[in-house]
Each structure stands twice: as C-alpha cells, then as structure tokens.
Amino acid sequence: MYRFLLTPRWWGINVFVLLAIPFCVFMGSWQLSRFEARVDDHRSAKELAESARTEAARPLAELLPVDKATSGRRTTATGHYGKQLLVPDRQLDGRDGYYVLTLLRTDGGKALPVVRGWLPGSADSAKAPQPPAGQVTVTGTLQASETPGDNGVSAQGGLPAGQTSAISTASLVNLVPYDLYDAWVTLDTADSGMTAVPATAAADTGLDLKAFQNLGYTGEWFVFAGFVVFMWFRLLRREVEFARDAELGILPEETGESEETGESEETGESEETGESEETGAGSADRHERVQEDASTPVR
C-alpha cells in the first residue's frame, strides 16, 4: 500500500520535508537566541548603570574604544575647553530643550565632546553659559557616538551655525577643526544654571522593538516547521485513501467512464429499437397496399 513512497514524486516531497524541517527549527532557535542575548544585554546594562554610580571614575584612555562593556561607565579627562555647540530638540523630564556641547581639547591632541548640561526652550547661544577658562578636569559618564535616526536622534539638516543634530564624530568632524574621540561624555554634575543630562544605555542592549521582533520571528519559524509536517501527513493520508480505493475497485475516474459507456449503449439501443419499429411500421403499410391492389377487380 505504501509503495507509492518510492515513486520519484514522493522522493522529491520527502527530501523537501527532510530539509525544510531542520532549517525552520534552526532559524527559530537562532531567533530565540537573539532574543535571549538582548535580554541578557538589557540585564547587564541595568547592572552596569547601577554599579557605575558607585565605582571610581577611570581615565578615558582605559575605556576606549566604547562598546557595550564600557558604555555607561564613569570616566575622567583633563584639558581645555574649546568650541561650543548646541544640540536642539532634546527632551528632559517631558520638556523640550537643548544640550550645551563643548569640545574638551585633551593633552593627547584630540578633542572630547562634553555635554555640560541641558537648558529648556529653543536653542539660543546667548543663554548657554560659557565654559570655564584654563585647564579643567571633567568627570562624567562615557557614551558612544549617536547615530542620526536612532534612539530618537534627529537626522534633520540645515541647522543654524553653531548647532548639530547628533553627537557623533561623523557630524562634528565638519563643524570643528579638531581631531575627535569617537565618544562623548555627559557630566555627573552640570555647570551652573543647567541640568545634568542622564546617561543612556548602549545600543542594542534594551528590550526594544527589535527584541520583540526576534521573539515573533521565533514563533513564525516554528509554525512553518509544524505546517510542513501537517501538509506531509495530509498528502500521505490522501495517497493512502486513493490506494485503498484502487484495491477495492472504487476509482472515481473509471466509474465515470463506465457511466458514460452505459449511457451510450442505452442511447444506441433506443435508437436501434426506434429504427426497427419504424421499419416494421413501413413494412405493414406496404403489405396493406398490396392486399388492396389484389382485391381490386380488373376491368
């Protein structure tokens, strides 16, 4: 009954199923591992943020380059403040405002972007406090360069002179005449008249939309695997039913042909019977005419 499984058609179906199921399971497991990794990163970032409040600040050179392990840690740097810029359209505690960003020229020759604080309202250079003169040592939280368009960072262009939409090396390199560190620092304590800007978690370490997309993809791949198994059993069951019908002599196609043949035979018989009846009627008429002619006297 199951000999049909050895046919080329079923060989192709079986090979497809044997390849599709492991592939779907692998992709589902991979998406699940991505979701679990994001959960672990979120937990680690939360623990790092809590420990960073109490740990001692480390020199900037020890924490570069910025990655998931160093983003959010406290650092210290020494230098002289240089060019100052404003970062508009930044919210803090539900209010609109802007960051005051000043470049700290370190002894190493590079400049470190330092967010000295936040001010409410529209960006106005006249309201932004000027940086302290002379050599200063700053202490704050290390942050990775922002990417325009991510995390709510504006990607708008055409800003007035002295403003930048994102705190990133790619944006600042065209605005300041210094070599830049690929990082920035937000001060623990803001300068006079401003509010300190809280640090943000490193990229791809939160339970954001991407994390839940991974979880949704996990479910989709496992559903695909189950659907492949379901369709294989459905096709197998239908093929078995056809095989049983064939063994019992119940074939829908042959039954239809026999019915058509029977109808044709019945039609032919009825046509022949009609022709015979017509022929018999014609012979009877001729016989009656012959008798009438015979009974008529000859004159």
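**Salt bridges, ring pairs and surface of the predicted model**

The side chains of Arg58 and Glu62 meet in a salt bridge, with 3.4 Å from N to O; a salt bridge is defined as a side-chain nitrogen of Lys or Arg within 4 Å of a carboxyl oxygen of Asp or Glu. Arg58 is partly exposed at a relative accessible area of 33%, and Glu62 is likewise partly exposed at 47%. In this classification, buried means under 20% relative accessible area, exposed means over 50%, and partly exposed lies in between (1.4 Å probe, protein chains only).

The structure is a predicted model, in which local features need pLDDT of at least 70 and side-chain atom pairs count only at pLDDT 80 or more, while totals for chains, interfaces and linings use all residues. Residues are numbered from 1 along each chain as its sequence is written, and side-chain values use heavy atoms, with hydrogens and water left out.

The protein has five helices and six strands. Helices (H or I, at least four residues) and strands (E, at least two) are DSSP runs, numbered from the N terminus. The order of the elements from the N terminus on is α-β-α-β-β-β-β-α-β-α-α. Of the 299 residues in the protein, 30% are buried. Among contacts with a separation of 6 or more, 67% are between residues 24 or more positions apart, where a contact means heavy atoms within 4.5 Å. The protein exposes about 19,000 Å², of which carbon and sulfur atoms supply 55%. Accessible areas come from the Shrake-Rupley method with a 1.4 Å probe, and for residues only the protein chains shown count as cover.

Six salt bridges are found in a search of the whole structure. One of them joins Arg9 and Glu239, whose closest N and O atoms are 3.5 Å apart. Arg9 lies in helix 1 and Glu239 in helix 4 (residues 209-247), so this pair ties together parts that are 230 residues apart in sequence. Arg9 is partly exposed, with a relative accessible area of 44%. A salt bridge is also formed by Arg90 and Glu146, with 2.9 Å between the closest N and O atoms. This pair links distant parts of the chain, 56 residues apart: Arg90 is in strand 2 (residues 74-92), and Glu146 is in the loop between strand 5 (135-143) and helix 3 (169-172). Arg90 counts as buried at 8% relative accessibility, and Glu146 counts as buried at 16%.

Five aromatic pairs are found in the whole structure. The rings of Trp10 and Trp232 have their centres 6.5 Å apart and their planes at 85°, so the pair is edge-to-face. Trp10 in helix 1 and Trp232 in helix 4 are 222 residues apart, and the pair links distant parts of the chain. Trp10 is buried at 1% relative accessibility, whereas Trp232 is partly exposed at 21%. A further edge-to-face pair consists of Trp221 and Phe224, at 5.7 Å centre to centre and 90° between the planes. Trp221 and Phe224 are three residues apart in helix 4 and are therefore separated by about one helical turn. Phe224 is partly exposed, with a relative accessible area of 41%. Ring pairs also link Trp10, Trp232 and Phe233 into a cluster. For these assignments, rings of Phe, Tyr and Trp (its six-membered ring) pair if their centres lie within 6.5 Å; planes under 30 degrees apart count as stacked, over 60 as edge-to-face and the rest as tilted.

Arg116 lies over the face of Tyr81, at 5.8 Å from the ring centre. A charge sits over a ring if NZ of Lys or CZ of Arg is within 6 Å of the ring centre and within 35 degrees of the ring normal.

Helix 1 spans residues 8-52 and contains Leu19. Leu19 is exposed at 60% relative accessibility. Together with Leu6, Trp11 and Val15, Leu19 forms a nonpolar patch on the surface, with about 460 Å² of accessible area in total. Patches are made of residues with over 30% relative accessible area and no salt bridge; like charges are joined within 9 Å, and nonpolar side chains (Val, Leu, Ile, Met, Phe, Trp, Tyr) within 5 Å. Glu36 also lies in helix 1 and is partly exposed at 43% relative accessibility. Glu36 and Asn214 are 178 residues apart in sequence, with 9.2 Å between their C-alpha atoms in space.
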